[in-house]
Amino acid sequence: MAMASLARRRASSLLLRSAELGRFSAAWRGFAAAAEENDVVVIGGGPGGYVAAIKAAQLGLKTTCIEKRGSLGGTCLNVGCIPSKVSTLLSSYIGLLGLKGNFEAPLRVIGVRLGSEVTVVEFAPEIVPTMDAEIRKQFQRMLEKQKMKFLLKTKVVGVDTSGDGVKLTLETADGGKQSTLEADVVLVSAGRIPFTEGLGLERIGIQTDKAGRITVDKKFTTSVPGVFAIGDVIPGPMLAHKAEEDGVACVEFIAGKQGHVDYDLVPGVVYTHPEVASVGKTEDQVKATGVDYRVGKFPFLANSRAKAIDDAEGIVKIIAEKETDKILGVHIMAPNAGELIHEAVLALHYGASSEDIARTCHAHPTMSEALKEAAMATYDRPIHI
């Protein structure tokens, strides 16, 4: 079975002080049941919304959270992040039991692991363009080893669903030669959009940009006093953990305290097998700044824990400023890379050097030793290669 790639997800989180509730309820009848006095009303019970509501209550603010679903968690918990990761994990276990092979990237890997033939059609010249170029190339090679096929610089110009499956008409990105791809299922990964339709934002004067995102200042204040916005409806990475940080910081500002989110240190994770996780700058981004830098790398093939569990394909890459040894970026491709990256996030947050990580004792045998060895390779030499 062939698959082309789609998952368009929508999410929203909006916070109001009680003084604005009356103005907003005229725009949205959903507030009819929330007529009692509140200090904060949160619209949207996704990761950003429910976290903001909890934090507001912890700060002593009388809070109501409004969610149209029958449960909290938004897209992430109900249909997105969590279900897809559980499926990826289950497919890994099935793969270990000997079946053929191995939501965007996770669903593609699941398809391969369950015996499907997966083809990714991508208009751009490479996959995951935000990823460090060296890691991206290794990542694509890894997926190709799992029998996943890639058609890059290719666009879909026609879809025929008249038969049992789906027939796609493809064309090179420059408008050249056409070809046909037949599939049982087509998954479209066309990105995400802010979900603000039906909230009546325009009726009370809330400004949005061309992409439909709500414009806010550094304190998450919208163009209407007393109305705040966080998460996927404002500019920035559309990530659940970023929305959570937004929610906490926003409510702290509302409560008269100081909130803070460092958007340069929001980790990104690709939940495939292996996973790819990163924080900070890529090598190309560092190169563009003109700063002299060093790169240290360590393969998981030389990590004892990875070898012991027979899952040793991957690498840790650290980029550090040459003069000061300050870490500028860390990129990991490995099983559980999404767990390993947080040591690097903390290191960048405190302005650590690669030597700081290298001289920190790491338990043996663990996957995290690869990060220590990469740090050693950055400022000096690794031990185990």
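Mentor: Two strands pair if DSSP finds at least two bridges between them. Keep that rule in mind. This is a predicted model.

Trainee: How many bridges join strand S15 to S16?

Mentor: S15 covers residues 293–299, and its partner S16 runs antiparallel to it. Pairing needs at least two bridges. Arg 294 stands opposite Ala 320 in S16. The bridges joining S15 to S16 number 7.

Trainee: Which residue of S17 stands opposite Ala 320?

Mentor: S16 also pairs with strand S17, residues 327–334, in the antiparallel sense over 6 bridges. Within this pairing, Ile 318 has Val 330 as its bridge partner in S17. Opposite Ala 320 stands Ile 327.

Trainee: Which residue in the turn between S16 and S17 has a positive phi?

Mentor: S16 and S17 form a hairpin, with 5 residues between the two strands. The positive phi in the turn is about 70°, and the residue that has it is Asp 325.

Trainee: What is the strand order of the open sheet of 5 strands?

Mentor: Pairing in this open sheet is antiparallel, and the order is S13-S14-S17-S16-S15. The edge strands pair on one side only; they are S13 and S15. Neighbouring strands are turned by 10° against each other on average, direction ignored. Read across, then, the order is S13-S14-S17-S16-S15.

Trainee: How many residues of S16 are buried?

Mentor: S16 spans residues 315–321 and is mostly covered. Buried means under 20% relative accessible area. Of the 7 residues in S16, the number buried is 6.

Trainee: Which helix lies across S15, S16 and S17?

Mentor: H11, residues 337–349, lies across S13, S14 and S17, at about 10° to S14. The other helix covers residues 369–379 and runs at about 145° to S15. Lying across S15, S16 and S17 is H13.

Trainee: Is Pro 274 buried or exposed?

Mentor: Pro 274 sits in the loop between strand S13 (268–270) and strand S14 (275–280). Beyond its neighbours within four places in sequence, Pro 274 has contacts including Phe 139, Met 142, Glu 313 and Met 333. Its relative accessibility is 5%, so Pro 274 counts as buried.

Trainee: How far apart in space are Pro 274 and Ala 337?

Mentor: In sequence, Pro 274 and Ala 337 are 63 residues apart. Ala 337 belongs to H11, residues 337–349. C-alpha to C-alpha, the separation of Pro 274 and Ala 337 is 7.7 Å.

Trainee: What span does helix H8 reach from its first C-alpha to its last?

Mentor: H8 runs over residues 240–254, which makes 15 residues. At 1.5 Å a residue, 21 Å is expected. The model comes close to that, with a reach of 21 Å.

Trainee: Which residue just after H8 takes a positive phi?

Mentor: The buried residues of H8 include Val 251, Glu 252, Phe 253 and Ile 254. Just after H8, a phi of about 85° is taken by Gly 256.

Trainee: And H2: which residue with a positive phi follows that helix?

Mentor: H2 has 12 residues, 47–58, and its 16 Å reach is close to the 16 Å expected. Among its buried residues are Val 51, Ala 52 and Ala 53. H2 is followed by a phi near 85°, that of Gly 60.

Trainee: What is the count of disulfides?

Mentor: Cys 65 is partly exposed, at 30% relative accessible area. Cys 250 is buried, at 0%. A disulfide needs a pair of cysteine sulfur atoms within 2.5 Å. By this rule, the disulfide count is 0.

Key: Residues numbered from 1 in each chain as written. Predicted model: local features only at pLDDT ≥ 70, side-chain atom pairs only at ≥ 80, totals over all residues. Heavy atoms only, no water. Helix = DSSP H or I, 4+ residues; strand = E, 2+ residues; numbered from the N terminus. Buried < 20%, exposed > 50% of the residue type's maximum accessible area, 1.4 Å probe, protein only. Contact = heavy atoms within 4.5 Å. Expected span 1.5 Å × (residues − 1). Axes fitted to C-alpha atoms, helices over the stretch in contact; angles between N-to-C directions.
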